[in-house]
Amino acid sequence: MTRALIVVDVQNDFCEGGSLAVRGGADVAFRIGQLLHQWHEADEKDREYAYVVATRDHHVDPGDHFSANPDFVTSWPRHCVAGTDGVGFHPNLDPQPFDAIFDKGEHAAAYSGFEGKCQDGQGLAAWLQEKGVTQVDVCGIATDYCVRATALDANNAGFGTTVLARLTAGVAPASTEQAITDLRTAGVTVTT
């Protein structure tokens, strides 16, 4: 069994002080950073994960995904615009030993990391399969949107999928609770 960690959208704009901040985002960044530090410092044979990857909202012109009057369901304030500080990983997410980074949403809304591409243009599913990954753990922001979508797509792509709920932050309690229900119903393991 080869396991990978997928760190979803732990970016400045999704943490406190950002243009689309999720409450608790900076704390989640810090806790994921602690996990990454332990992983990075461990001997290779003792590492829980063979690979660690990250996804990133990376908007250029995503059309009606941005709105001056967002509904906060399908349209949102401007966030994670390519070339701005908001697109960067939060500084609490340190170290950042990512084997690959998958950018998504340049010209359309994209919630799942499986919609993203790494620098060489390869998609996340193909990248993981090429590395022999069979199991993924998913963490990051936001539980009820991009974490949910990424975990469902991982599960649908045939990876054994676990969401590390303690290492996520959700937009709202009701939608986060519904996301956890949806994930469990789909066969995704959700740890608390």
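Visitor: Which residues does Phe98 touch?
Guide: Not counting residues up to four places away in sequence, Phe98 touches Val7, Leu36, Val52, Val53, Ala54, Phe89 and Leu93, where contact means heavy atoms within 4.5 Å. This is a predicted model, in which local features need pLDDT of at least 70 and side-chain atom pairs count only at pLDDT 80 or more, while totals for chains, interfaces and linings use all residues. Residues are numbered from 1 along each chain as its sequence is written, and side-chain values use heavy atoms, with hydrogens and water left out.

Visitor: And which residues touch the most other members of the largest nonpolar core?
Guide: That core has 29 residues, and those touching the most other members are Leu5, Val7, Ile32, Val52, Leu93, Phe98 and Ile141. A nonpolar core here is a set of buried Ala, Val, Leu, Ile, Met, Phe, Trp, Tyr and Cys residues joined through side-chain atoms within 4.5 Å, with buried meaning under 20% relative accessible area, exposed over 50%, and partly exposed in between (1.4 Å probe, protein chains only). The elements giving two or more residues to this core are S1, H1, S2, S4 and S5, and H1 gives the most, with six residues. Helices (H or I, at least four residues) and strands (E, at least two) are DSSP runs, numbered from the N terminus.

Visitor: What lies apart from it?
Guide: Another core, of 25 residues, lies apart from the largest one, and Ala4, Phe114, Cys146 and Val163 are among its members.

Visitor: Back to H1, which of its residues are buried, and what covers them?
Guide: The buried residues of H1 are Gly25, Ala26, Val28, Ala29, Arg31, Ile32, Gly33, Leu35, Leu36 and Trp39, and their cover includes S1, S2, S4 and S5.

Visitor: OK, the sheet. What is the strand order, and is the pairing parallel or antiparallel?
Guide: Six strands form an open sheet in the order S3-S2-S1-S4-S5-S6, and the pairing is parallel; two strands pair if DSSP finds at least two bridges between them. The edge strands, each pairing on one side only, are S3 (100-104) and S6 (189-191).

Visitor: How many bridges join S4 and S5?
Guide: S4 (residues 135-141) and S5 (residues 160-169) pair over six bridges, and the bridge partner of Ile141 in S5 is Ala169. Helix H3 (residues 143-156) packs on the sheet, touching S1, S3, S4 and S5, and its direction makes about 170 degrees with that of S4. Axes are lines fitted to C-alpha atoms, for helices over the stretch in contact, and angles run from 0 to 180 degrees between N-to-C directions.

Visitor: Changing topic, how many salt bridges are there?
Guide: The count comes to eight, a salt bridge being a side-chain nitrogen of Lys or Arg within 4 Å of a carboxyl oxygen of Asp or Glu. One of them joins the side chains of Arg3 and Asp137 (2.7 Å, N to O). Arg3 lies in strand S1 and Asp137 in strand S4, so this pair ties together parts that are 134 residues apart in sequence.

Visitor: Are Arg3 and Asp137 buried or exposed?
Guide: Both Arg3 and Asp137 are buried. Lys45, by contrast, counts as exposed at 69% relative accessibility, and Lys45 forms a salt bridge with Asp46, the closest N and O atoms being 3.3 Å apart.

Visitor: What about Arg56?
Guide: Arg56 meets Asp103 in a salt bridge between their side chains (2.7 Å, N to O), which links strand S2 to strand S3 across 47 residues. At 18% relative accessibility, Arg56 counts as buried.
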